[in-house]
Amino acid sequence: MTELLYRADAYLKSTPAKVLAVNERGGIVLDRTVFYASAGGQPGDRGEVRFAGGECAIATTVYDNADNATIVHVAAEGSSHPAIGDSVEADLDWDLRYRHMRMHTALHLLCSLVKFPVTGGQIGAEEGRLDFDIEDASAVDKDKLTADLNALIAADHPVGERWITDEELEANPGLVRTMSVKPPMGSGKVRLVLIGENGAVDMQPCGGTHVRRTGEIGNVAVSKIEKKGKINRRIRVVFT
Ligand SMILES: [Zn+2]
């Protein structure tokens with residue numbers, strides 16, 4: 001099991017760590033990490049792992065299939081690997097991660113404005129998108145959503161968190177907006193992400209990384225609302 005340092009502080013850019021395992025495909029397991037592993041539509045982090053004998057470029061980061069609690073740093077092809085037991089420095093591609101944090105937080109705001117069930121989503125460094133089940137397409141307007149999103153960003157709302165138990169979440173099913181991505185349950189507690197005072201803007205279970213205040217997102221625009229099925233609408237958001 002890897003200690004997830006980004007859970008406590010999403011702004012950590014690097015950490016010293018120890019190599020616990022190196023698998024046959026070049027996946028490096030550390031005792032602790034600042035690298036976010038691909039989940040919930042947010043891509044795994046890139047960066048490098050530096051050790052006494054050299055450095056290893058990390059192409060992406062994933063959870064180990066076997067236990068979902070161990071994080072695997074996937075070495076780029078041709079990189080040299082540290083050895084088990086090595087002391088290393090794990091260093092994020094921070095520019096990329098920060099864009100993911102900004103876009104991820106922007107999608108929470110989109111979710112708060114579009115009061116329909118979310119059926120999927122993806123976060124990128126340039127663009128993010130959410131899919132909603134919306135029976136009446138006239139319920140969403142590109143220009144209005146862009147203006148409302150930028151107003152929430154400009155208001156510079158605080159982004160916080162609160163931990164609740166699995167039982168509390170089960171007793172409040174309305175908290176779960178995303179039908180396709182089940183909140184990370186099973187450890188006994190679930191993290192709620194709150195935007196605005198006491199979650200007045202948005203409140204939902206989420207294991208991703210977010211900025212501290214909505215003002216950090218910067219200006220965005222809804223670039224497209226696409227029809228993806230009878231009632232499915234895909235709303236795309238870009239940085240401007
Ligand atoms: Zn989130």
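Predicted model: local features only at pLDDT ≥ 70, side-chain atom pairs only at ≥ 80, totals over all residues.

**Aromatic pairs and their surroundings**

Modeller: The count of aromatic pairs comes to four, where rings of Phe, Tyr and Trp (its six-membered ring) pair if their centres lie within 6.5 Å, and planes under 30 degrees apart are called stacked, over 60 edge-to-face, and the rest tilted. Take tyrosine 11 and tyrosine 98: that pair is tilted, with 6.5 Å centre to centre and 55° between the planes. The two tyrosines link distant parts of the chain, 87 residues apart: tyrosine 11 is in the loop between helix H1 (5-8) and strand E2 (14-22), and tyrosine 98 is in helix H2.

Residues are numbered from 1 along each chain as its sequence is written, and side-chain values use heavy atoms, leaving out hydrogens and water.

Now, how hidden are those rings? Tyrosine 11 is buried at 14% relative accessible area, while tyrosine 98, at 23%, is partly exposed; buried means under 20%, exposed over 50% and partly exposed in between (1.4 Å probe, protein chains only). Tyrosine 98 also pairs with tryptophan 94: their centres are 5.4 Å apart and their planes at 25°, so this pair is stacked. Tryptophan 94 and tyrosine 98 are about one helical turn apart, because they lie four residues apart in helix H2. Tryptophan 94 is buried too, at 16%. Put together, Tyr11, Trp94 and Tyr98 make one aromatic cluster.

Lysine 13 places its charged end over the ring of tryptophan 94, 4.5 Å from the centre; to qualify, NZ of Lys or CZ of Arg must be within 6 Å of the ring centre and within 35 degrees of the ring normal. Elsewhere, arginine 102 does likewise with phenylalanine 239, its charged end being 4.2 Å from that ring's centre.

The zinc ion is held by His104 (NE2), His108 (NE2), Cys206 (SG) and His210 (NE2), at 2.0 to 2.2 Å. Histidine 108 in helix H2 (residues 94-113) and cysteine 206 in the loop between strand E13 (202-205) and strand E14 (220-227) join distant parts of the chain, 98 residues apart. Donors here are N, O and S atoms within 2.8 Å of the metal (3.2 Å for Na, K and Ca), and sites may look incomplete because water is not among the atoms. The four donor atoms subtend angles of 100 to 125°, so the arrangement is tetrahedral (all angles between 85 and 135 degrees for four donors). Histidine 108 is buried at 4%, and cysteine 206 at 12% is buried too.

E2 belongs to a closed barrel of six strands, E2-E3-E7-E6-E5-E8, with antiparallel pairing. E2 pairs with strand E8 (residues 87-92) over five bridges, where pairing needs at least two DSSP bridges. Across that pairing, alanine 17 stands opposite valine 88 in E8.

Key. Tetrahedral: all angles 85-135°; square planar, octahedral: opposite > 155°, others 65-115°.
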